[in-house]
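Hi,

Here is the structure I said I'd pass on. Have a look at it first, and my notes follow below.

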Protein chains: 2
Amino acid sequence: MPTQPSPLALPLPALAPLAGVRLAAGAAGIRYKGRDDVLLMELAPGSSVAGVFTRNQCPGAPVDWCRAALAGGRARAVVVNAGNANVFTGKAGAAVARTTAEAAAKLAGCKPREVFVASTGVIGEQLPVERLTAALPRLTKALAADAWGNAARAIMTTDTFPKAATRTARIGEATVTINGIAKGSGMIAPDMATMLCFIATDAKIPSAALQKLLSRGARSTFNATTVDSDTSTSDTVLLFATGQARHARVPAEGGPVLRDFARALGEVLHELALAVVRDGEGAQKLIRIDVGGAVSANSAKRIAMAIANSPLVKTAIAGEDANWGRIVMAVGKAGEPADRDRLSVAIGGVWMARNGGVVAGYDETPVVAHMRGREIAIEVDLGLGRGRATVWTCDLTHGYIDINGSYRS
Amino acid sequence: MPTQPSPLALPLPALAPLAGVRLAAGAAGIRYKGRDDVLLMELAPGSSVAGVFTRNQCPGAPVDWCRAALAGGRARAVVVNAGNANVFTGKAGAAVARTTAEAAAKLAGCKPREVFVASTGVIGEQLPVERLTAALPRLTKALAADAWGNAARAIMTTDTFPKAATRTARIGEATVTINGIAKGSGMIAPDMATMLCFIATDAKIPSAALQKLLSRGARSTFNATTVDSDTSTSDTVLLFATGQARHARVPAEGGPVLRDFARALGEVLHELALAVVRDGEGAQKLIRIDVGGAVSANSAKRIAMAIANSPLVKTAIAGEDANWGRIVMAVGKAGEPADRDRLSVAIGGVWMARNGGVVAGYDETPVVAHMRGREIAIEVDLGLGRGRATVWTCDLTHGYIDINGSYRS
């Protein structure tokens, strides 16, 4: 079990209270002992909501529940537990999600469909829902506006550090706040890497506009990261707008009035997505991969992901080896248009291979120094077109094998 | 550097001489010291040839050369070196392949386009072709029919054991022989896993028919295996038919007369492909994955490959953990049609999850014993259609990180 925070960990930022959101964390004893493992989040009446979820074809029951609830566009409460993912649990698992939402709705005085639920942890075991519902009255009494840090800690499974981000943005003449927390990626149990993220703002934004912003923002942040190519069954990002701030009216379709808000939301998503990669299982290095010159942005993204998911590239970086040959291999295996003889590769800003061959006499000294650092930059130029993409990943180390090769029982 | 053979290694079978093929192995000192690193294979006049190559978009110069040479359908010689892949070496690398073929052609008294070349090893370094061509006259003098074992050893890079297979087949009333050697998958250098396979038969089969057999055979053997999802830039399988055996005439399109030959060729390909997986970097366990009930065979193959390439599934097996939850995750992330509630998973023949939930009270004892063995069987039934596929892989262990995370210099 990792007892040390990841070497890539960031300090937890202080999140100021946000009008319309109260939180409470507590211990329901679902799997962990002696720590908080459940979070209740309360949202003011009239809060709108947007969400993006795993594309895994075998999603967990909480994801099914949230997808259905999202159709209403309204949110009053969120219940999150750690230690049991409620995935591959059949009809009983669906009943657990519904029972949880009903219990929270009764306490909040809202409809069950205004309650969102999320669970991560072990797969295929029934979640003891009575422990969860028994904790909710206590949590309701403990709700407070200043509990963001405790909330970030309560949703951790085997994360090595809590993850949060905050920004302000202008909407018209008013300033609004965006607070977010996330969990993901450290595992010692027989689980799969799972990612959860909850973001709230006091802005008043219709759910259609909110969803558009979130879907667009996730594309270049959470959906541009990978730890090990294994898409979880539980991935969930929810964005709530409490509408407590006073600002110019935002139309349903969004538009220019949200330009600065979109910028700030993008920064929050980016910071939280990278925090998850920083806590990638066994991660010792954070890797940024920029691919340019591709025939399209989609093609660039697929090539960047092929590099980011290549075990040979990731182990080379773990070994601090600037092995550009493996990057060439990963470009070629992506199945996207690529011309070996136009291809160039840089590591740490030094172009080591250009136009299909090694750069004669390039200076290895700065590359060696770069490889010893915590943050590694890879650039690939395909020389074909104008498609660009950036993705982030971490290295593949003995720590990953230790964490995931341990016995389940 | 691995000094022990893989725990999954098989003994080298004795390969009888095959009419029309002579071989010689020698030391050219291209990278390794004190061991053979070059193979010359001579084929009788009139030998036909078929080949399948890497689908990597950045192939090595030898692959380019072989693809062009294959158009002629004739082969008289093969030159293979270990230690330098001649990949991403630009025009100079193409010249190296041509110079090698020209030198061998002069000695064999044939056209350069009847010479096939293959190289594996380090990427991006110029191959010292003069060392290779200097070795060829010696090798020509040393050619012998009984050197298959030495040949299998000479083409190894960091393989931990030599790989060969042999079968006989009936064509009409005659018996023909198929001999094959392969290399692949153990690496300590900064290279990528690369796979080479050379098969010869004394049968007289037109190149069109030969190509059809090889392409079909590779699909369910070499193309159904994966060690780490990283497609090499050098993968090459070449099949030569010397035509020295006397049997019923085989038409250009092949047909029923080749039924038994196709069976035997399939067995040779299967044995060699699995030998490469058995020598997968760091491999401790050989894993067979059978997917059934998919909407099509292609869909089944993609799902099987998603399981085979999942780091979480592979590390769980390394840890002898029958973690079926990760198999469910891998099925779901494949992007193919799947219905969580119809999905069933078995390990070692024991169905642990059925129709979307865990099988209550399944017997864990045989599963635990199975996981401790060297060969692991995973079965997945999607319950949707009749598509089936089988793929093979190995586990992901600390050995893989050790081998691939070592410094290049």
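In this predicted model, helix α7(B) passes α9(B) in a right-handed crossing. Their axes come within 8 Å of each other and cross at roughly 130 degrees, which makes α7(B) oblique to α9(B). For reference, α7(B) covers residues 297–308.

Which residues make that contact? From α7(B) they are I303(B), A306(B) and I307(B), and from α9(B) they are I327(B), A330(B), V331(B) and K333(B). By class, that gives 6 nonpolar, no polar and 1 charged.

α9(B) also turns up where the two chains meet. The contact between them takes 51 residues from chain B and 51 from chain A. On the side of chain B that touches chain A, α8 (311–318), α9 (324–333), β14 (357–358) and α11 (398–404) each supply at least two residues. The largest share of that side comes from α9(B), with 9 residues. The make-up of this side of chain B is 21 nonpolar, 22 polar and 8 charged.

Now the symmetry. Chain B is superposed on chain A by a rotation of 180 degrees with 0.0 Å of shift along the axis, and the RMSD is 0.0 Å. That is the relation of a two-fold axis. Which residue of chain B comes closest to the rotation axis? It is H398(B), with its C-alpha at 2.9 Å.

The interface fits in here too: 100% of the interface residues of chain B are also interface residues in chain A, so the copies meet through the same surface.

Cheers

How values were computed. Residues numbered from 1 in each chain as written. Chains lettered and ligands numbered in written order. Predicted model: local features only at pLDDT ≥ 70, side-chain atom pairs only at ≥ 80, totals over all residues. Least-squares fit on C-alpha atoms with pLDDT ≥ 70 in both. Contact = placed C-beta atoms within 7 Å. Helix = DSSP H or I, 4+ residues; strand = E, 2+ residues; numbered from the N terminus. Nonpolar A, V, L, I, M, F, W, Y, C, P; charged D, E, K, R; others polar. Axes fitted to C-alpha atoms, helices over the stretch in contact; angles between N-to-C directions. Parallel < 35°, antiparallel > 145°, perpendicular 65-115°, else oblique. Left-handed = near helix turned anticlockwise from the far one by under 90°.
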